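Here is a friendly note to read with the model open beside you. Take the points one at a time and look up each residue as you go.

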Amino acid sequence: DRVLVGGTKAGTVRFLGPTHFAKGDWAGVELEQALGKNDGAVAGKRYFTCQPAYGVFAKPEKLQRIQEVDQEEKPIRKGDPLAMSTPLHRSPKDGAGAGTGAGAVAAGLTFVSPGLCVGDRVVVSGAKSGVLKFLGSTDFAKGIWAGVELDEPVGKNDGAVAGKRYFQCPPMFGLFAPERRVEKSAVDVASDVNATFSIEQSASASVVKKLPSPPLVVKEA
């Protein structure tokens, strides 16, 4: 199954169990790019086979199922089937066009959400706040994903995943989450409501000003 190692390196789990080089269970992953440290063997002991520099070993808790980039990390244990969650599919809207952040070129397809716009203040999973920097399709998972630059270094990347850049931010400030897990922050929502109310008030005032005054009738004594 496809996973992310350390939140940045994509690959496929090839081994899961005890090793001779360290205590406890370890996961052996064949990476999709030459960012590893071995070919599946460590200290002369082979655990799986892959190309040189494509293999890496990590503790199971450092792995994330590819569709759970934004969710709370769930340890991968020996015997775990690594079942992937059902992907979110959405068809692009007519006239959506390109240009939702720098990721529009990187990902190929960009989508427009009726509730979210790049530049909005948002909250991820009800806990992590930041600014929406990317909204669209990605290469690391199906569905529509939101790329957020967080206010604090509690993220997992710098706007790039598996060597593909979708937006730019400092390391550990970037986070990707399915669109359904990202909400506009209360501050932005309040601003939108106030702006709408102000526009409606202005429109009402204009109508009142344009209403003709009733004719003055003087009765003769």
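**Notes on the model**

1. Ser125 sits in the loop between β8 and β9 (128–136). Its phi is positive, about 55°, although Ser125 is not a glycine. Most residues other than glycine have a negative phi.

2. Before going on, a word on what you are looking at. This is a predicted model, in which local features need pLDDT of at least 70 and side-chain atom pairs count only at pLDDT 80 or more, while totals for chains, interfaces and linings use all residues. Residues are numbered from 1 along each chain as its sequence is written, and side-chain values use heavy atoms, with hydrogens and water left out.

3. Which other residue deserves a look for a positive phi although it is not a glycine? Ala53 does, with a phi of about 70°. Ala53 lies in the loop between β5 (45–46) and β6 (55–58), and its relative accessible area of 30% makes it partly exposed.

4. Now step back to the whole protein chain. It has two helices and 14 strands; helices (H or I, at least four residues) and strands (E, at least two) are DSSP runs, numbered from the N terminus. Of the 221 residues in the protein chain, 38% are buried. The chain exposes about 12,700 Å², and carbon and sulfur atoms supply 56% of that area. Accessible areas come from the Shrake-Rupley method with a 1.4 Å probe, and for residues only the protein chains shown count as cover.

5. How far apart in sequence are the residues that touch? Among contacts in the protein chain with a separation of 6 or more, 48% are between residues 24 or more positions apart. Contact here means heavy atoms within 4.5 Å.

6. Next, visit the loop between α1 (103–107) and β8 (121–124), where you will find Asp120. Is Asp120 buried or exposed? Asp120 is buried, because its relative accessible area is 10%. A polar atom of the Asp120 side chain lies 2.7 Å from the backbone nitrogen of Cys117.

7. Cys117 is also placed in the loop between α1 and β8, and is partly exposed, with a relative accessible area of 45%. Cys117 and Val131 are 14 residues apart along the chain, and their C-alpha atoms are separated by 9.9 Å.

8. Gly119 belongs to the loop between α1 and β8 and is partly exposed at 47% relative accessible area. Which residues does Gly119 touch, not counting residues up to four places away in sequence? They are Val131 and Leu132. The C-alpha atoms of Gly119 and Lys133, 14 residues apart along the chain, are separated by 6.2 Å.

9. Finally, look inside. The structure holds three cavities of 30 Å³ or more; on a 1 Å grid over the protein atoms alone, a cavity is a set of points where a 1.4 Å probe fits but cannot get out. Grid points are joined across faces, edges and corners, and a volume is the space filled by probe spheres set on the points. The second largest cavity has about 40 Å³ of space. Its lining residues, which have an atom within 4 Å of a point, are Lys9, Ala10, Leu31, Glu32, Gln33, Leu35 and Ala162. They divide into four nonpolar, one polar and two charged; Ala, Val, Leu, Ile, Met, Phe, Trp, Tyr, Cys and Pro count as nonpolar, Asp, Glu, Lys and Arg as charged, and the others, Gly among them, as polar.

Terms used:
On a 1 Å grid over the protein atoms alone, a cavity is a set of points where a 1.4 Å probe fits but cannot get out, and a pocket is an open set with protein on both sides within 12 Å along at least five of seven lines; lining residues have an atom within 4 Å of a point. Buried means under 20% relative accessible area, exposed over 50%, partly exposed in between (1.4 Å probe, protein chains only). A polar contact is a pair of N or O atoms within 3.5 Å; within protein, one must be able to donate a hydrogen and the other to accept it, and residues adjacent in sequence count only if both atoms are side-chain atoms.
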